[in-house]
Amino acid sequence: MSELPTTLHYTAEHEWLEDGAPSTVGITAQAAEALGDIVYLELPAVGSSVEAGAVVGEIESTKSVSELFSPVSGTVVEVNQAAVDDPSLVNSEPYGAGWLLKVDVTSTGPLLTAEEYAALSAG
Amino acid sequence: MTGTDQSTSEDLLSPLHEEHVALGAALTSFAGWQMPLRYTSDIAEHQAVRTAAGLFDLSHMGELEVAGPQAAAALDAALVGNLTALAVGRARYTMICAPDGGVMDDLVVYRIEDELFLVVANASNVEVVRDALTARIEPYDAWLVDASLGTALIAVQGPQAEEIVASVTAPEDVDAVRGLKYYAWVPGTVAGVHARVARTGYTGEDGFELFVPAEQAAGVWRTVLAAGADRGLVPAGLSARDSLRLEAGMPLYGNELDRTTTPHDAGLGRVVRLDKTDADGRPVDFVGRSALEARAQSQPARVLVGLQGLGRRAARHGYAVLASSEAGAPQVGTVTSGAPSPTLGHPVAMAYVTPEVSAPGTELAVDVRGRAEPVRVVELPFYRRPR
């Protein structure tokens with residue numbers, strides 16, 4: 001099990017959120033590992049508004065497909081085109097080059113600390 | 001993100017379980033067994049089988065031995081195939097059907113001796129097959145032994161499989177192993193262990209399946225893995241096995257086949273041998289015969305087809321096939337299996353559709369989570385290995 005960055009927030013649906021202006025959203029290493037090799041990402045359009053807890057995209061692997069839930073409400077200001085072009089980045093660098101969205105946040109949904117997320121996913 | 005695989009503590013463990021753990025496999029619960037889903041990467045394991053070789057643990061499969069002076073006649077009555085005609089040393093793909101013609105399981109049957117057959121069943125159906133076979137062979141001088149838990153099954157699949165298996169086979173058995181025809185088997189000493197060596201598989205590649213005693217399986221696994229490393233052999237999990245068989249257009253019980261499906265529905269009517277006869281030359285009244293006879297004469301209500309995805313989002317098991325991408329288009333079928341094809345680079349799926357839309361080239365759509373994705377009907381298999 002890879003180490004969870006303690007500077008990030010997490011959701012029970014296995015997304016991570018890095019505070020900032022804008023904030024960055026991705027999926028956890030654990031989630032990427034459970035999916036297997038990711039081959040296709042569908043992300044919202046730049047400029048679209050997202051709502052905390054709502055489905056905003058899809059992450060597809062050979063084996064399965066998962067929905068991406070937004071941890072925050074706000075406006076999408078950037079999507080990671082490099083990851084769309086090469087989704088394996090999400091497997092190889094889930095907290096780095098494999099980020100998914102940057103969002104101008106107006107409000108956040110329920111978030112977990114690294115410790116809380118680790119406890120949740122261990123259970 | 002939603003859902004991750006969970007294994008339960010009630011699962012049976014493969015005789016190779018410790019090998020999988022040592023290799024760092026992600027394990028999954030499958031048909032009551034804890035089995036490797038993947039070791040490193042689904043796609044890398046898939047590609048290794050297409051270009052070099054993969055090593056699979058199939059110890060969850062069921063091995064039922066049917067023996068006795070009337071073993072062949074008993075199986076002719078119990079299964080849809082003609083087992084009397086099967087030569088010692090050969091294997092046959094066949095099915096066990098319910099009286100209404102529905103498929104209870106698809107099987108590979110090996111003739112071990114004149115009066116001994118090995119019936120290999122899907123893990124999820126071992127009990128069903130065992131119980132049905134036991135009842136069906138009861139009138140005959142034949143008996144059944146369930147050897148599933150004492151038997152490990154290790155598959156070496158891919159273009160390098162013959163070289164790898166030959167390299168660990170006792171010198172006196174090498175020629176027989178190399179000379180094996182597809183769907184044939186020989187006894188042989190492999191990695192120092194007496195094995196049944198079969199040229200069978202479920203990947204669309206050349207390959208071998210090794211039946212070995214469970215207590216000797218770990219040694220065989222390690223020896224083959226080490227011997228094949230130079231030729232690109234990697235351990236491969238159930239995820240790669242599923243994408244490989246899908247590309248090869250091979251049915252999976254529970255997806256393309258189930259109790260509501262006849263062999264004919266799945267395009268496998270050829271396995272139903274209505275022409276088989278008993279020792280007196282009379283037609284054999286096997287279980288399911290009258291229903292399947294009627295089915296063979298009638299027009300099918302649905303046809304199993306291949307679908308090539310024209311977009312990037314893959315159709316998955318259970319999704320509706322639509323007549324077109326237009327809003328309100330009627331449903332014309334249901335997807336049985338689907339995934340992005342690692343070899344072909346686009347989504348592929350198998351689906352049951354109405355006969356009117358089953359011709360290759362027909363443009364249809366699949367409802368992929370609320371959005372219609374265009375697909376085209378294509379011939380199966382999607383992938384055929386170069387020979």
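## Getting your bearings

The model as a whole scores ipTM 0.85 and pTM 0.93. This is a predicted model, in which local features need pLDDT of at least 70, side-chain atom pairs count only at pLDDT 80 or more, and totals for chains, interfaces and linings use all residues. Residues are numbered from 1 along each chain as its sequence is written, chains are lettered from A and ligands numbered from 1 in the order in which they are written, and side-chain values use heavy atoms, with hydrogens and water left out.

## Stop one: Lys63(A)

Select Lys63(A), in the loop between β6 (55–61) and β7 (65–69) of chain A; helices (H or I, at least four residues) and strands (E, at least two) are DSSP runs, numbered from the N terminus. Lys63(A) has a relative accessible area of 34%, so it counts as partly exposed (buried is under 20%, exposed over 50%, partly exposed in between, with a 1.4 Å probe and protein chains only). Now show its contacts (heavy atoms within 4.5 Å). Beyond its neighbours within four places in sequence, Lys63(A) touches Leu35(A), and from chain B Leu37(B), Arg38(B), Asp42(B), Ser239(B), Asp242(B) and Arg316(B).

## Stop two: helix α2 of chain B

Follow Asp42(B) into α2 (residues 42–51), where Asp42(B), Glu45(B), His46(B), Ala48(B), Val49(B) and Arg50(B) are buried. Which elements cover the buried residues of α2(B)? Among them are α1 (29–35) of chain A and, from chain B, β3 (33–38), β4, β10 (151–157), β14 (233–235) and α8.

## Stop three: the second largest cavity

β4 (53–57) and α8 (238–247) of chain B each supply at least two residues of the lining here. Select Pro36(B), Tyr39(B), Phe56(B), Asp57(B), Leu58(B), Ala236(B), Gly237(B), Leu238(B) and Arg241(B) to see that lining. A cavity is a set of points, on a 1 Å grid over the protein atoms alone, where a 1.4 Å probe fits but cannot get out; lining residues have an atom within 4 Å of a point. The volume of this one is about 30 Å³.

## Last stop: the largest cavity

Finish at Gly309(B), Arg313(B), Ala315(B), Pro347(B) and Val375(B), which lie nearest the centre of the largest cavity among its 17 lining residues. Strands β15 (303–309), β18 (347–353), β19 (363–368) and β20 (371–378) of chain B each give two or more residues to that lining. The space in the largest cavity is about 80 Å³.

Key:
1 Å grid on protein atoms, 1.4 Å probe; cavity = no way out; pocket = protein on both sides within 12 Å on 5 of 7 lines; lining within 4 Å. Points joined across faces, edges and corners; volume = space filled by probe spheres on them.
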